[in-house]
Amino acid sequence: MGGGVFYYIFSSAALITLALYHLISTTTAYLKSPHAYIAKPYYPFSSSHRFKYLQLYLLILCLLVAFAHQTLVSSDSDPLLKGSTPVHRFTSLQSAAVLFLFLILSLSLLISDSTSLLPLPSDLFFALASAVFFLQSSSSASSASVQTSDLQAKCDSVSAQISALAALLCLILACQPRMFVADVGLGGAVCLQGLWMLQTGLSLYVDAFIPDGCHKLLDVVSGVEGSTKCELEDSRLRAVAILDLVFVVHVMFVVLIVMVTYGVIAKSYGIRRLGGSYEALPTAASSVADSSSNHIQMKALTGTQA
């Protein structure tokens, strides 16, 4: 395995961790007070000032690593790209620019939450995040359109669709910040993107996960487009079908994660769903009151029968 697969594993771990933290925090905030719930782009990691912004610090660090990687990778040449235009360099620089926008957005959120220099409201942040996710989707789609690697093109195409979904959910939250379903969906979309990043790295760089009929080309720089090729049309169609099936499995896995997360947190807070509304379990005082009421009614019935 080359350096390319390790970058995908690193990106996948960062996205999945961020998504799980967001899902847990969002669900906890909603179950604590459903009527006062408002979607937030950031939940403090701890009440202690020392660890309060730990999530943002780690996010900024991961974005810096990803930005540096994309910038360095853009200097590699690819002899298999169409024509003499350095397409790979421009697509990598485009990805680096999108990551830089995410970095600016994270820094602005940190400054807004820790100081009074940049009071950034949540709806404006979600609107800006929607725009950046849309740019990421456009970048992945344009990268897929110029790929000579069939597997890479498919992976980039699916990634573009996930980013487009995240952009839509951010836009919904900017307009309707109380929509809990959209907030959970955003966490699920980020988790799905992380799983797909892992799948992309395995499908392109690990021989055991490359579909039959496709192979890596040895004369291509590691991590550059065109490094995985399917010789026959039947092999290409089979590989694309396999990736579609794997994507459905990832979606099912994300749905399971969301359901388990909600169930565990709901159980820990003693909340159950009855008739479409969320009601707390009866307390000891209410149970005693109900028992007394039933006892009085039974005595009244006994006296009537007598």
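Author: The expected span of a helix is 1.5 Å times one less than its number of residues. In this predicted model, helix α4 (residues 122-145) has 24 residues and reaches 35 Å from its first C-alpha to its last, which is close to the 34 Å expected.

Reader: Which residues of α4 are buried?

Author: Buried means under 20% relative accessible area. In α4 the buried residues include Phe125, Phe126, Phe133, Ser137, Ser139, Ser140 and Ser143.

Reader: How are α5 and α7 oriented to each other?

Author: Angles under 35 degrees count as roughly parallel. Helix α5 (residues 150-175) and helix α7 (residues 233-268) pack at an angle of about 30°, with their axes 10 Å apart, and the two are therefore roughly parallel to each other; their crossing is right-handed.

Reader: Which residues meet where α5 and α7 pack, and what is the make-up of that contact by class?

Author: From α5, Asp150, Leu151, Lys154, Cys155, Val158 and Ile162 meet Arg236, Ala239, Val240, Leu243, Asp244 and Phe247 of α7. By class, this contact has eight nonpolar and four charged residues, with no polar ones.

Reader: Is Thr261 buried or exposed, and what does Thr261 touch?

Author: Thr261 has its place in helix α7 and is buried, because its relative accessible area is 13%, under the 20% cut-off. Leaving aside residues up to four places away in sequence, Thr261 touches Leu23 and Ile24.

Notes: Residues are numbered from 1 along each chain as its sequence is written. This is a predicted model: local features need pLDDT of at least 70, side-chain atom pairs count only at pLDDT 80 or more; totals for chains, interfaces and linings use all residues. Side-chain values use heavy atoms; hydrogens and water are left out. Axes are lines fitted to C-alpha atoms, for helices over the stretch in contact, and angles run from 0 to 180 degrees between N-to-C directions. Helices (H or I, at least four residues) and strands (E, at least two) are DSSP runs, numbered from the N terminus. Angles under 35 degrees count as roughly parallel, over 145 as roughly antiparallel, 65 to 115 as roughly perpendicular and the rest as oblique. A crossing is left-handed if the near helix is turned anticlockwise from the far one by less than a right angle, and right-handed if clockwise. Contact means heavy atoms within 4.5 Å. Ala, Val, Leu, Ile, Met, Phe, Trp, Tyr, Cys and Pro count as nonpolar, Asp, Glu, Lys and Arg as charged, and the others, Gly among them, as polar. Buried means under 20% relative accessible area, exposed over 50%, partly exposed in between (1.4 Å probe, protein chains only).
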